[in-house]
Amino acid sequence: MPHVITQPCCSDGSCVYACPVNCIHPSPDEPGFATAEMLYIDPVACVDCGACVSACPVGAIAPDTRLEPEQLPFIELNASFYPKPDGKLPPTSKLAPVLEAPLVRPRSGGPLTVAIVGSGPAAMYAADELLTQRGVRVNVFERLPTPYGLVRAGVAPDHQSTKRVTKLFDKVTALPGFTFYLNVDVGSDVTHAELLAHHHAVLYAVGAPNDRRLDIEGMDLAGTGTATEMVAWINGHPEFTDLPVDLTHERVVIVGNGNVALDVARILTTDPDVLARTDISDHALATLRDSKVAEVVIAARRGPVHSAFTLPELIGLTSACDVVLDGGDHDLVIGDLATATDPLTRSKLEILSKLADSSTPSARPRIRFAYQLTPRRILGEERVQGVEFTVTGGTSRLRGRTDEVRRLDAGMVLTSIGYRGKPIRDLPFDDAAGVVPNDDGRVLDAGRPMRGSYVAGWIKRGPTGFIGTNKSCAGETVHNLVDDYNAGLLADPGKDRAKPAALDKLVRRRRPDVVDAAGWRAIDTAEIARGGDERPRDKFTTVADMLAAAADAPAPSMRDRVLAGLRR
Ligand code: NAP
């Protein structure tokens, strides 16, 4: 009865270290880890102890006898990573090498204090890593009154298991030394220089909040947009509640076929009664209930073998939705299958090869994958009426366009061609790569380390990977930060400024409605209560409502007040 890793795998690697026989790979120290689509359990070496089940923060692991029908393909998928009989990995009989915690060498003048900007996965994993050390203080700053970044606003609402990682983050917020400053905008409410004056270091984990834009004619027409904006609207992000989403037509075209495109296509075609049991925003649910969309086309500029979506997400999509292919695209899949050798790529192509033909009538809204279509212009006068593509002849990105033009009617065109980092005030920015230039997390200004400044997550390495990929990414940055502290390279904040009360005073003067961890817990509790028995939560979608809920936080007990006073 070996255990099996399934679709929600977040790749944070906790299971790897819990496993007593090192049968989960790739492990964070192995070369394939950074690019792996998920982690895999060797079914022969697994001793069924279940240690990985408890360690997994998103509930992605189960014994093979306890899988849901739609999870059964993951048995074969886990095994296929370990080709037998000769196997590509050495025998598994020892613990995976653990990354050592970053040992802080205490010094006079107060504890190591770090400001973290952003509260998504990279920020929370960095805080967790820092707080493994006694006495360290971490202050996490977030622009919104609610934390956890893309886990709250980017993970699709029908992927509730993935959102379970917030339970882990909630535990981090309760660690001694952790303080939340929510509803505070670093850059306008407080500056980088001010944060640096109150901390030894400032670590930016602000993600990649912008979209890569498609620069073609018609992208300004009503009915165009980006999939990432749509995801934020679906998830009730307060800055996207007014997004004009019109679903009164039959077809939506999504350009690009990464996992974000799959998320949006799935939500647009899922039965609203199913979505009503998730934490989808009320405005999105109401619009989806009136939707006339019958087909979502996911259009990629290259061929099937270069599909950007991951295999676990394809398995999840095809088990939940009607997905079809045109005859011509089916031929492309068969052609790619004839030459593909990598087992995981072959599995993807095999699933695509079994999809129904688009000529088969569908009783419910469906998704159609379309290949070798490079977008040329958006059609329409005042609002979108369709999109015109050039047919791409080869597999290369920029060459191989043919003279053939293909048009698809559509009432909405969304681009889903990746996220993009945006410049941070007072920090250098690499415009071409959309990241802050850095050396393993140390910010570089004109090639030299910028004292006290660090990055982690997508603003450090670009918008790739999964939630858990940020754990090793943040860990690397924190190790370098602590090394710099131990080597005396970070300036002490100064006796008065090092005190929590000094920072508190500054922040509250600029931002009287700052929200702390108790405020967030009050918002969280109120949202869960609003969700009732049917939904995991009913989110507040305006900052005003969030702040009103935060104001209901119970006043700290006498004991907590005394302890806080002692800290100051
Ligand atoms: P992505 O995986 O990078 O996919 C981008 C897509 O856009 C590709 O199909 C790419 O095609 C296409 N593209 C780029 N430039 C284009 C252009 N000028 N014209 C037409 N097509 C273009 O991006 P994403 O979907 O935004 O995902 C970002 C990251 O988040 C990924 O690592 C993803 O796995 C992760 N994510 C994971 C989940 C999950 O696990 N459930 C959910 C959401 C996101 P080419 O390949 O030809 O460049």
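This is a predicted model: local features need pLDDT of at least 70, side-chain atom pairs count only at pLDDT 80 or more; totals for chains, interfaces and linings use all residues.
## Strand pairing

Two strands pair if DSSP finds at least two bridges between them.

## Overall build

The chain has 21 helices and 23 strands. Its radius of gyration is 24 Å, close to the 24 Å that the globule rule gives for 568 residues, so the chain is as compact as a globular protein of that length. Along the principal axes, the C-alpha trace spans about 70 × 60 × 55 Å.

Of the 568 residues, 53% count as buried.

## Surface and charge

The accessible surface comes to about 25,200 Å². Carbon and sulfur atoms hold 53% of that surface.

The chain carries 63 positive and 73 negative charges.

Strand β17 covers residues 384-392. It is mostly covered: eight of its nine residues are buried.

On one side of the pairing list is strand β16, residues 373-380. β16 and β17 pair in the antiparallel sense, over seven bridges. Gly380 stands opposite Val384 in β17. A hairpin of three residues joins β16 to β17.

β17 also pairs with strand β18, residues 401-409. These two strands run antiparallel as well, joined by six bridges. Here Thr390 has Val405 in β18 as its bridge partner.

How values were computed
Residues are numbered from 1 along each chain as its sequence is written. Side-chain values use heavy atoms; hydrogens and water are left out. Helices (H or I, at least four residues) and strands (E, at least two) are DSSP runs, numbered from the N terminus. The radius of gyration is taken over C-alpha atoms; the globule rule is 2.2 Å times the number of residues to the power 0.38. Buried means under 20% relative accessible area, exposed over 50%, partly exposed in between (1.4 Å probe, protein chains only). Accessible areas come from the Shrake-Rupley method with a 1.4 Å probe; for residues, only the protein chains shown count as cover. Lys and Arg count as positive and Asp and Glu as negative; His and the chain ends are not counted. The place of a charge is taken as NZ of Lys, CZ of Arg, CG of Asp or CD of Glu.
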